[in-house]
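Here are my notes on the model, as numbered points. Please read them with the structure open.

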Amino acid sequence: MSDTPSKPRPKSIGRFGWPIAAGLVALMLITGGGYVAWRTHRAQLGARLLAAMPDDVDKHADLVRYADAEAKPLFAKTCSGCHGLDLKGRGVGAPDLTDSIWLYGSGVFHIERTITYGVRSGQKKANDITEMPAFGQRGQLSDTDIRNIVQYLLQLNHRPYNDQAAFLGKQAYETKGQCFDCHAGDAKGTIDYGAPDLTANVWDFGGSPQDLYDSIYYGRHGIMPAWIGKLTPEQIRALAVYVDTASKR
């Protein structure tokens, strides 16, 4: 008998092994093919989302669903720090994105532009035509003028107010403050300037009498960063659709 060790025989796959192996290979091919098809479909949706006119996207339910799915985690990562996961704003200066009040115009087109270039962001195309002046610090309005204007604003928003003070406040609004230049004669605001509607009772910096006084006395200088160059055009469009949809629910 030879002392040379025998070579191990290759293991047989067995009579039941071949069908199982073939099934696994087929499953891998089907799964892989399905993933490729899914990726292709997503890419097509992304291309269609960008190709569509901004304010026509909501006419295509599949594009809205795609945009919402893409934007939700992106919003949580890049926007929720100021606006909150619920889009209702966190703290002073961050607007509630779920209402119908917009400083620079509603609809996907205007929202997309604001996300792209920001507000007073330093980007050349940013929304930066004007800001809320510090009327009190500049001496343009007295303490009494400002307090009277606050009463006028309370009247416009159907909140408790002092009649005489509101009457004088309306005069100061129209003359000394020249507030109509940005907020319009009816106080409903002007989107060209990003001047808010003062009759909607929606206040980014707080709506208490003291908050309103502070806004007039010290002014406001809200800033939103520009996302151009940080997010892709498709991501920005998806975010704009996501926010627009949320404001219409």
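**Notes on helix packing and cores**

1. H2 and H9 pack with their axes 8 Å apart, at an angle of about 100 degrees. That makes H2 roughly perpendicular to H9. (Angles of 65 to 115 degrees count as roughly perpendicular, under 35 as roughly parallel, over 145 as roughly antiparallel, and the rest as oblique.) Axes are lines fitted to C-alpha atoms, for helices over the stretch in contact, and angles run from 0 to 180 degrees between N-to-C directions. Helices are DSSP runs (H or I, at least four residues), numbered from the N terminus.

2. On the H2 side, the contact with H9 includes Val64, Ala67, Ala71, Leu74 and Phe75. On the H9 side, Leu239, Val241, Tyr242 and Val243 are among the partners. Contact means heavy atoms within 4.5 Å. The residues of this H2 and H9 contact split into eleven nonpolar, two polar and four charged. (Ala, Val, Leu, Ile, Met, Phe, Trp, Tyr, Cys and Pro count as nonpolar; Asp, Glu, Lys and Arg as charged; the others, Gly among them, as polar.)

3. A word on the basis. The model is predicted: local features need pLDDT of at least 70, side-chain atom pairs count only at pLDDT 80 or more, and totals for chains, interfaces and linings use all residues. Residues are numbered from 1 along each chain as its sequence is written, and side-chain values use heavy atoms, with hydrogens and water left out.

4. H9 (residues 233-247) also meets H4 (residues 108-117): their axes come within 9 Å and cross at roughly 130 degrees. That makes H4 oblique to H9. The crossing is right-handed. (Right-handed means that the near helix is turned clockwise from the far one by less than a right angle; anticlockwise is left-handed.) Val108, Ile111, Glu112, Ile115 and Thr116 are the H4 residues in this contact. The residues of the H4 and H9 contact divide into nine nonpolar, one polar and three charged.

5. (Buried means under 20%, exposed over 50%, partly exposed in between, with a 1.4 Å probe and protein chains only.) Leaving aside neighbours within four places in sequence, Glu112 touches Pro54, Pro233, Ile236, Arg237 and Ala240.

6. The largest nonpolar core has 28 residues. (Such a core is a set of buried Ala, Val, Leu, Ile, Met, Phe, Trp, Tyr and Cys residues joined through side-chain atoms within 4.5 Å.) Those with the most contacts inside it include Phe75, Ile115, Leu239 and Val243. H1 (17-51), H2 (61-78), H4 and H9 each supply at least two residues. H9 gives the most, with eight. A second, separate core of 16 residues includes Phe135, Ala172, Ala187 and Leu198.

7. H5 (residues 143-156) and H8 (residues 209-218) form another pair, with axes that come within 9 Å and cross at roughly 125 degrees. That makes H5 oblique to H8. Their crossing is right-handed. Ile146, Ile149, Val150 and Leu153 of H5 are among the contact residues, as are Leu212, Tyr213 and Ile216 of H8. The residues of this contact divide into ten nonpolar, no polar and two charged.

8. Check Gly89, in the loop between H3 (80-83) and H4. Gly89 counts as partly exposed, at 23% relative accessibility. Beyond four places in sequence, Gly89 is in contact with Cys82, His83, Ala94, Pro95 and Asp96.
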